[in-house]
Amino acid sequence: GGGGGGGSGGGELKVWNLQSGHCFRSLASGYGVCCAFVPGDKYIVVGTKQGQLQLVDVAAAEMVGNFDAHEGSVWALAMRPDGKGFVTAGADKEVKFWEYGAEKTESGATQLTLSVAKAVTMEDDVLAVSFSPDGKFLALALLDTTVKVFQAETMKFFLSLYGHRLPVLCLDISTDSTLLVTGSADKNVKVWGLDFGDCHKSMFAHQDNVMAVKFVPRTHYFFSGGKDKIIKMWDADKFVQITTIRAHYSEVWCMAISKSGDLLVSGSHDRSVRVWNRTEEHVYIEEERQKELDLLLEAPENTSGPALDGGAVGGEESAPVAKETKESQDACDRIMEALDRCAQHPDEGSSALQNAILLDMTPDAFFRHTLRKVRSNQLEPALMQLPFDYVTALLTRLESAGKGGADAELMARAALVVVRLHHSRLSTTASALPLLRSLRASTKRALQERCDQAGYNLAALRAIRRRLNDDELTIPSVP
């Protein structure tokens, strides 16, 4: 259809025209938690935080029914695939099946009404609910972190899905009713098979709670949205991330997708609803991964737009907590000592003293040598203990030492760790921004050279293998 409905915490329901982008209906309602169009798009059902169901006539822009549905919040609402009703789930542990009816108004007009056909009590609060498109199954996400699948008509138990460490906040089922995807407060999405209930894959998806998941109709692609302000697209068959949409300036709370799969709508805590159109442009996964790396390196330059990695944007600095050990402290001391030595002897010289201090190496080679001696699992903890006074000197040395392409991966890793830890202070340091741009360019160039070199070597090895295979085919057998 041409409209979209949404409930808001401000006690207002707005209905939008997707073609024009204009709001053509707005009326007072309860604190909306979930909503859906009734088949035919003439009515909208809104589930509220107060436990009520509100029925809204779109054309008349008025509320025509207010029903007591649950004793707690109505957390989820799902339409039946056959269009004969819907199901609601709430904080009172109940799942209720609703049917449509008709009644006469005082003026004699016929009006839609709702009635409860069946109610089932679960073991815990129900946070999300979804019908399989073929109408056979009903999936429920419970507060106890499990997902239970029932036969929709009889509510006979079918499957129980275990695996998430924290409650599942959202779920969806593919059009062919073979796959179920779940998103959880543990920041993971899991892909399940609906035949045996086996977990096909668990993927770390977002830096914060996963709030919404939606399959693209007639495909096994799906979108996930999280509190980290990001929307991601995934392939549920190959278990890879396809692309990232840096969508909003605050948490992404909900998503909806059109029946054709051409439009994606996202709603956010930043008080905006955004509509995304599918284009004919091809997406290449390797290019998307490269973009992610570029964005991480550019993070200090972008502090006013949507978050790049879920971290703090402006304001106080936030960093992961690392356990300080003697080994990591010793590694930090060696890095600082190397930076001091390189600063004291910046030029290549032939004096015996300088040769002894830098072990007969150039300053850049000596610094790379020192960094290589730090164990891989101690590099990040060591850099986390580095005082900010040394950060600019470290980035300058990384930019200088990485120009020749030597140890490109090690230089890039150290740079990313430091930028992530100190991006808030670096972004407010005027002298750091040109350095970061130069470091980004040199690191990107060095990594690209390594990628090209690896590709060339791989192609050569394949050619050698083909030649060996051909030689084996031509060697005559010895009697």
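Modeller: Of the protein's 479 residues, 45% count as buried, where buried means a relative accessible area under 20%, exposed means over 50%, and partly exposed covers what is in between, all with a 1.4 Å probe and protein chains only. This is a predicted model, in which local features need pLDDT of at least 70 and side-chain atom pairs count only at pLDDT 80 or more, while totals for chains, interfaces and linings use all residues. Residues are numbered from 1 along each chain as its sequence is written, and side-chain values use heavy atoms, with hydrogens and water left out.

The secondary structure amounts to eight helices and 26 strands; these are DSSP runs, helices (H or I) having at least four residues and strands (E) at least two, and they are numbered from the N terminus. The protein exposes about 24800 Å², with carbon and sulfur atoms supplying 51% of that area, as worked out by the Shrake-Rupley method with a 1.4 Å probe, in which only the protein chains shown count as cover for residues. Among the contacts with a separation of 6 or more, 44% are between residues 24 or more positions apart, a contact meaning heavy atoms within 4.5 Å.

H4 is mostly covered, since seven of its 10 residues are buried, namely Pro 363, Asp 364, Phe 366, Phe 367, Arg 368, Thr 370 and Leu 371.

Two packed helices are described by the angle between their axes and the distance between the axes. The axes of H4 and H6 come within 9 Å and cross at roughly 110°; here an axis is a line fitted to C-alpha atoms, for helices over the stretch in contact, and the angle runs from 0 to 180 degrees between N-to-C directions. H4 and H6 are therefore roughly perpendicular to each other, because 65 to 115 degrees counts as roughly perpendicular, whereas angles under 35 count as roughly parallel, over 145 as roughly antiparallel, and the rest as oblique. From H4 the contact is made by Pro 363, Asp 364, Phe 367, Arg 368 and Leu 371, and from H6 by Leu 394, Arg 397, Leu 398, Ser 400 and Ala 401. These residues divide into six nonpolar, one polar and three charged, where Ala, Val, Leu, Ile, Met, Phe, Trp, Tyr, Cys and Pro count as nonpolar, Asp, Glu, Lys and Arg as charged, and the others, Gly among them, as polar.

Side chains of opposite charge can pair when their charged atoms come close. In this part of the model, the side chains of Arg 397 and Asp 364 meet in a salt bridge with an N to O distance of 2.7 Å, a salt bridge being a side-chain nitrogen of Lys or Arg within 4 Å of a carboxyl oxygen of Asp or Glu. The pair links distant parts of the chain, with Arg 397 in helix H6 (residues 391–401) and Asp 364 in helix H4, 33 residues apart. Both Arg 397 and Asp 364 are buried.

H6 also packs against H2, at an angle of about 70° and with the two axes 11 Å apart, which means that H2 is roughly perpendicular to H6. Here H2 contributes Ile 335, Leu 339 and Cys 342, and H6 contributes Ala 393, Leu 394 and Arg 397. This contact has five nonpolar residues, no polar ones and one charged.

Glu 327 and Arg 375 form a salt bridge through their side chains, at 3.1 Å from N to O. Glu 327 lies in helix H2 (residues 326–344) and Arg 375 in the loop between helix H4 (363–372) and helix H5 (376–384), so the pair ties together parts that are 48 residues apart in sequence. Glu 327 is partly exposed, with a relative accessible area of 34%, and Arg 375 is also partly exposed, at 48%. The pair of Arg 397 and Asp 364, by contrast, is buried.
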